[in-house]
Protein chains: 2
Amino acid sequence: MAVQRLGQYTVQLSRPPRITAAFTLMGPREGAGPLGSYFDGIVDDYMWGETSAEKAERKYLEQAARRALQAAGLTEHDVDCFIAGDLLNQIVSSTFSARSLGIPYLGVFAACATSALALGLAAMLVDGGFARRVLVATASHYQAVERQYRYPIELNIQRGATNQYTATGGAAAVVAPPEEGAGPRITRITFGRVVDWGVTNANDMGSAMAPAACDTLMRHFQDTNTTPGDYDLILTGDLAKVGSKVFRALVDRAGVTLGGKHMDGGASMYTPEQWSGAGASGSVCSMAVILGYVYKEMARGRFRRVLVLPTGCLHSPTTWQQGDSCPGISHALVLEND
Amino acid sequence: MAVQRLGQYTVQLSRPPRITAAFTLMGPREGAGPLGSYFDGIVDDYMWGETSAEKAERKYLEQAARRALQAAGLTEHDVDCFIAGDLLNQIVSSTFSARSLGIPYLGVFAACATSALALGLAAMLVDGGFARRVLVATASHYQAVERQYRYPIELNIQRGATNQYTATGGAAAVVAPPEEGAGPRITRITFGRVVDWGVTNANDMGSAMAPAACDTLMRHFQDTNTTPGDYDLILTGDLAKVGSKVFRALVDRAGVTLGGKHMDGGASMYTPEQWSGAGASGSVCSMAVILGYVYKEMARGRFRRVLVLPTGCLHSPTTWQQGDSCPGISHALVLEND
């Protein structure tokens, strides 16, 4: 069957590729959270022996990528592209990992929605025959991201209730043709538009991103003629607690009942005792929830069909300081077991 | 014919899409340079009525995108994806333009090689049937990029002979199936690896990127079994004068004779009287030379087959300050007339 365009925005792949291997390598705080047991590795040191938080982030990304390759029984020579992105300026964690891996490198940026952009593009490149296999990765690091976007953590700035806490870790996956494994298939992709409802508080990214998640969800439902009932889980993220509330209200107002199907990655990463404001963010967050929690629960047969809607807040400290509001984006993927 | 993988790294498209429309919108300095007559629009004000250089960069990008659509006789609803990237942190010029255009947005980053990454991906998405048409754009702005990567121009820091001058402007193109127009077709794509020979001088990006250009060129020649004789022009960029010299020496050492076929975008943007150090850089530079000079000379029949090798220096001020060297990348595209 050929690639099909469904409606205006959604693509149905012809021979949907699989996520044939995944590796999530998270920091101590993430390991101690509710999803800790789903992660493949927990590093007990934020700095991981490096001299800066930025170099530690890079190590998380590169090591996750290497271990995903290992898990697939592949080497760098067996994959044709490395698609990666992160939050650091000029996505340097991805770039320096690409340097060490030596695989042709496609850098992408969708902030905390990088997971879906990278996985979606990887699935298209494999499905179209442009790459035999693609390695996908992202990472984020609490200390590196905080000091770039907000304040160095040494200042100990008080966190608001809408603030999100950047997750630390790296997560990577191999996307390959369906005959190469048994992981979930990426069957449908809806790339998102940039949606901006004028939230100027960069400490409330959840509210800024919620309209984008709702926009992509509605377009996906319309294009595919599906409803929440067609999915075992609808995973957003990282809207965290505040953004999830806004998201559910928007979806409700659009006349769609999510029922018990909605879960948010950012709201699920930490316990209330972990003092994390509204929850987690960071480009590793949705990737780790997809490749840790969803991937494993799909392997166990608990979920058969999952709609993932990672969300990203696309502002920069400069745009925010110059008075711009915070634009959001959300890319959707459907993951399906055979 | 199906998509063919040639050798390890190169892809030959099945029904090579065309660049059906292009628009280059450049600053005053670029308009006064040797390629000025090839650009579609020259703005005589760097700030273009905006209150910051960053907002001016955004305007250059968005206006170029809108005018490329116009040139193709299309509206935002006729293209399925907007693939864009730029040099500003979190590629905000692309993001905010995507917000205004309302087209599903894929953000990419390859620094000054963004042109080839975006055009190459666009060609794959169209060829694979994942998008009917794709709009591609990039921009850079001298004042915005200088103050982010180096110093605010108000400091009037003395430039070295290896320094490059960031070009100001926006450039955009529509990539569509071959039956939709008469522009050059994107027939082959070689995505590059990150190559780093240890140049730690961030004011000598040409030398840092030259090994990447040579690496991608050699892989492309090997995969496609071609030589410089098979192309009417081999366009690198922006290696500028210093990087071009290093590039030619490396290619020569690899046993390949470029003959008179090599041209560099960065070395061609300004006259020696324009005081620009080694030449131009900036993500708009290679895009503008491809979509201005190459596109028009191909339309006139002067070139039939052109190999473009945009180059990007993927460091960030942070990595450089933390002692890392400057990694380079180069993605190759073959543009062919029927």
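Apart from neighbours within four places in sequence, Lys241(B) is in contact with Ala267(B), Ala278(B) and Gly279(B); two residues are in contact if their C-beta atoms, placed from the backbone, lie within 7 Å. The structure is a predicted model, in which local features need pLDDT of at least 70, side-chain atom pairs count only at pLDDT 80 or more, and totals for chains, interfaces and linings use all residues. Residues are numbered from 1 along each chain as its sequence is written, while chains are lettered from A and ligands numbered from 1 in the order in which they are written.

Lys241(B) belongs to helix α7 of chain B. Helices (H or I, at least four residues) and strands (E, at least two) are DSSP runs, numbered from the N terminus. With 18 other C-beta atoms within 10 Å, Lys241(B) is partly exposed. A residue is buried if 20 or more other C-beta atoms lie within 10 Å of its own, exposed if 12 or fewer, and partly exposed in between, with C-beta atoms placed from the backbone. Between Lys241(B) and Gly328(B), 87 residues apart in sequence, the C-alpha to C-alpha distance is 16 Å.

The predictor gives an ipTM of 0.98 and a pTM of 0.98 for the complex. Chain A has a mean pLDDT of 97, and 100% of its residues reach 70 or more; pLDDT is the predictor's confidence in each residue, from 0 to 100.

Two copies of a chain are related by a rotation about an axis and a shift along it. Here, chain B is superposed on chain A by a rotation of 180° with 0.0 Å of shift along the axis, at an RMSD of 0.0 Å. This is the relation of a two-fold axis. The superposition is by least squares on the C-alpha atoms of residues with pLDDT of at least 70 in both copies. Val108(B) is the residue of chain B that comes closest to the rotation axis, with its C-alpha at 2.1 Å.

The contact between the chains takes 45 residues from chain A and 45 residues from chain B. On the side of chain B that touches chain A, the elements that give two or more residues are α3 (92–101), β6 (105–107), α4 (114–127) and α10 (317–321) of chain B. Of these, α3(B) gives the most, with 5 residues. This side of chain B divides into 27 nonpolar, 13 polar and 5 charged residues. Ala, Val, Leu, Ile, Met, Phe, Trp, Tyr, Cys and Pro count as nonpolar, Asp, Glu, Lys and Arg as charged, and the others, Gly among them, as polar. Because 98% of the interface residues of chain B are also interface residues in chain A, the copies meet through the same surface.

Within chain A, the domain assignment gives domain 1 (4–179) and domain 2 (183–336); domain bounds come from an automatic or database domain assignment. The centres of the two domains, taken over C-alpha atoms, are separated by 17 Å. Contacts join 56 residues of domain 1 of chain A to 59 residues of domain 2 of chain A. Helix α4 (residues 114–127) of chain A gives the most to the side of domain 1 that touches domain 2, with 7 residues. That side of domain 1 has 31 nonpolar, 20 polar and 5 charged residues.

The largest nonpolar core has 250 residues, and those with the most contacts inside it include Ala68(A), Leu135(A) and Val136(A). A nonpolar core is a set of buried Ala, Val, Leu, Ile, Met, Phe, Trp, Tyr and Cys residues joined through C-beta atoms within 7 Å. Not counting residues up to four places away in sequence, Leu135(A) touches several residues, among them Ala65(A), Ala68(A), Phe82(A) and Val174(A).

Ser283(A) is found in helix α9 (residues 283–299) of chain A and is buried, with 38 other C-beta atoms within 10 Å. Beyond four places in sequence, the contacts of Ser283(A) include Gly85(A), Asp86(A), Ala111(A) and Thr138(A).

Some backbone features lie in loops. In chain A, a cis peptide bond with omega of about 15° joins Gly237(A) and Asp238(A), and Asp238(A) is placed in the loop between β11 (233–237) and α7 (240–253). In chain B, a cis peptide bond joins Gly237(B) and Asp238(B), with omega of about 15°. Trp48(A), a residue other than glycine, has a positive phi near 45° and is partly exposed, with 19 C-beta neighbours inside 10 Å. Ala111(B) also has a positive phi, near 50°; Ala111(B) lies in the loop between β6 and α4 of chain B and is buried, with 30 other C-beta atoms within 10 Å.
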